[in-house]
Amino acid sequence: MKSKQFKDALVIGFALFAMFFGAGNLIFPPFLGNTVGDQVIPALLGFLITGIGLPLLGILACSRAGGSFEVMASRVSKPFATVATIILILAIGPIIAIPRTASTTFELGIVTLLPNATQWLTTIIYFAIALFFVLKPTRIVDAIGKVLTPILLFVLIAIITKGMLFPIGEVATLDVSQVFTTSFKEGYQTMDAIAAVIFATIIISSVHDKGYKDHKSVSKIILMSGLIAIGGLAIIYGGLMMLGAQTSSLVDVSFTRTQLVMYIAKAVFGSLGTIFLSICTTVACLTTAIALLTASAEFFTKLFKGKIPYAVNAIILTVISLFMATNDVDQIVALAGPALDIIYPIVIVLIILTLLGKMVKHDFAVAMTVYVTLAISLLTTIGSFMNLTAVTSALNYLPLQSSGFGWLLPAVITFIIVNYFVKHKA
């Protein structure tokens with residue numbers, strides 16, 4: 001039985017790894033390493049918590065809640081769950097994640113192969129191909145993805161191994177403050193926690209299909225699988241961050257996120273390395289975009305109960321993605337920042353409260369904790385975005401506000417008061 005559990009955990013672990021390992025995520029660890037220099041270890045810890053640990057907890061929480069984020073969020077209210085799910089789908093779909101795959105493809109892939117290519121034409125062709133496969137699903141895309149992921153993984157491991165054995169530069173000693181908290185928030189940009197709670201049903205179903213039905217055995221397999229996936233991702237992310245740190249001494253050079261990845265690939269394996277990485281990244285991003293467009297279109301078709309056909313939803317979402325993808329990668333990352341600063345605290349709170357299980361006495365405690373978290377996150381983001389000095393000054397009295405976690409202590413206090421001292425019918 002233990003042998004079967006290990007084999008099943010290994011298979012599901014690789015599936016989890018493939019789910020979290022996106023070509024678009026490759027741009028974040030090297031850039032973070034370049035920014036923090038010799039403080040790469042605390043940066044890696046912060047990044048891994050939100051980039052890997054939180055997604056695993058998200059799947060475990062969804063498993064406890066009954067398999068989906070919507071069920072987990074319905075403890076706040078059904079309207080809240082619907083709206084929250086729509087926002088998460090839009091985030092990992094046409095607003096942030098899908099456009100980022102197109103921009104990453106152009107900057108990391110196409111420009112390397114075709115230096116004279118224009119972004120608008122490349123983006124139109126990219127989404128025309130994606131829409132074709134979204135409207136006419138085929139197993140070819142899945143097959144390409146299954147073959148390409150191991151190839152891309154092999155290329156990255158080769159780059160990391162050689163880069164660690166033969167460093168491309170010296171790691172600089174940098175005076176950077178709040179490294180851990182900044183890296184923690186940088187992990188938001190992977191968006192894997194959002195993907196985890198939205199697509200947890202797929203992983204949980206695969207666990208059930210292997211014969212695990214009760215909550216204890218399901219959680220055990222997911223945890224084992226998660227540790228396997230975390231190990232693999234930690235090696236990739238950690239290695240890329242270390243290589244990024246090796247470029248921190250290049251003070252006279254300014255890199256964008258994609259430029260840094262290509263610089264590292266060229267420094268390690270020359271022009272051939274950049275070409276091979278470009279091809280793998282381009283196809284990997286395209287297969288990711290197709291999968292996300294398909295999932296988003298299916299969601300809205302179900303949401304509107306078929307009144308808006310799947311094809312129409314797919315076209316609308318593709319057009320929105322196309323419009324958003326006219327921005328470069330760093331612009332999309334900058335635009336995503338405020339949105340993720342609002343979304344992630346809510347996701348974190350829901351995951352933690354779900355995992356607390358019977359310690360949460362009633363759903364009213366969940367609702368109030370989430371609403372307090374949402375209110376502070378909204379005010380913080382709006383105050384900063386619109387330069388509202390009065391709002392910003394008032395929020396600065398909150399502990400950890402300067403680090404971006406002003407919502408944390410109010411959320412904890414709200415939960416304790418409402419959960420233990422407010423009587424409410426379940």
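## Basis of the description

Buried means under 20% relative accessible area, exposed means over 50%, and partly exposed covers what lies in between, with a 1.4 Å probe and protein chains only. The model is predicted: local features need pLDDT of at least 70 and side-chain atom pairs count only at pLDDT 80 or more, whereas totals for chains, interfaces and linings use all residues. Residues are numbered from 1 along each chain as its sequence is written, and side-chain values use heavy atoms, with hydrogens and water left out.

Helices are DSSP runs (H or I, at least four residues), numbered from the N terminus.

## Aromatic pairs

A pair of aromatic rings is described by the distance of the centres and the angle of the planes. Rings of Phe, Tyr and Trp (its six-membered ring) pair if their centres lie within 6.5 Å; planes under 30 degrees apart count as stacked, over 60 as edge-to-face and the rest as tilted. The count by this rule is 13 aromatic pairs. One of them joins Phe80 and Tyr371, whose ring centres are 5.9 Å apart with planes at 85°, so this pair is edge-to-face. The two residues come from distant parts of the chain, 291 residues apart: Phe80 belongs to helix α5 (residues 78-95) and Tyr371 to helix α15 (residues 363-385). Phe80 is buried because its relative accessible area is 14%. Tyr371, at 35% relative accessibility, counts as partly exposed.

Tyr188 and Tyr344 make a stacked pair, 4.3 Å centre to centre and with 15° between the planes. This pair also links distant parts of the chain, 156 residues apart, with Tyr188 in the loop between α9 (179-186) and α10 (192-209) and Tyr344 in helix α14 (residues 329-355). Both tyrosines, Tyr188 and Tyr344, are buried. They belong to one aromatic cluster together with Phe180, Phe184, Phe405 and Trp407.

## A charge over a ring

A charge sits over a ring if NZ of Lys or CZ of Arg is within 6 Å of the ring centre and within 35 degrees of the ring normal. The charged end of Arg257 is placed this way over the ring of Phe31, 4.4 Å from its centre.

## The second largest pocket

On a 1 Å grid over the protein atoms alone, a pocket is an open set of points with protein on both sides within 12 Å along at least five of seven lines, while a cavity is a set where a 1.4 Å probe fits but cannot get out; lining residues have an atom within 4 Å of a point. Grid points are joined across faces, edges and corners, and a volume is the space filled by probe spheres set on the points.

The second largest pocket has a volume of about 410 Å³. Its lining has 20 residues, with Ile87, Pro338, Ala339, Ile342 and Ile343 nearest the centre. Helices α5, α14 and α15 each supply at least two lining residues, and α5 gives the largest share, 8 residues. By class, this lining has 19 nonpolar, 1 polar and no charged residues (Ala, Val, Leu, Ile, Met, Phe, Trp, Tyr, Cys and Pro count as nonpolar, Asp, Glu, Lys and Arg as charged, and the others, Gly among them, as polar).

## The cavity

The whole structure holds 1 cavity of 30 Å³ or more. The largest cavity contains about 70 Å³ of space. Its lining consists of Leu26, Pro30, Leu156, Ile159, Leu240, Val261, Ile264, Ala265 and Leu277. Two or more of these residues come from each of α8 (139-165) and α12 (257-303), and α12 provides the largest share, 4 residues. The lining of this cavity has 9 nonpolar, no polar and no charged residues.
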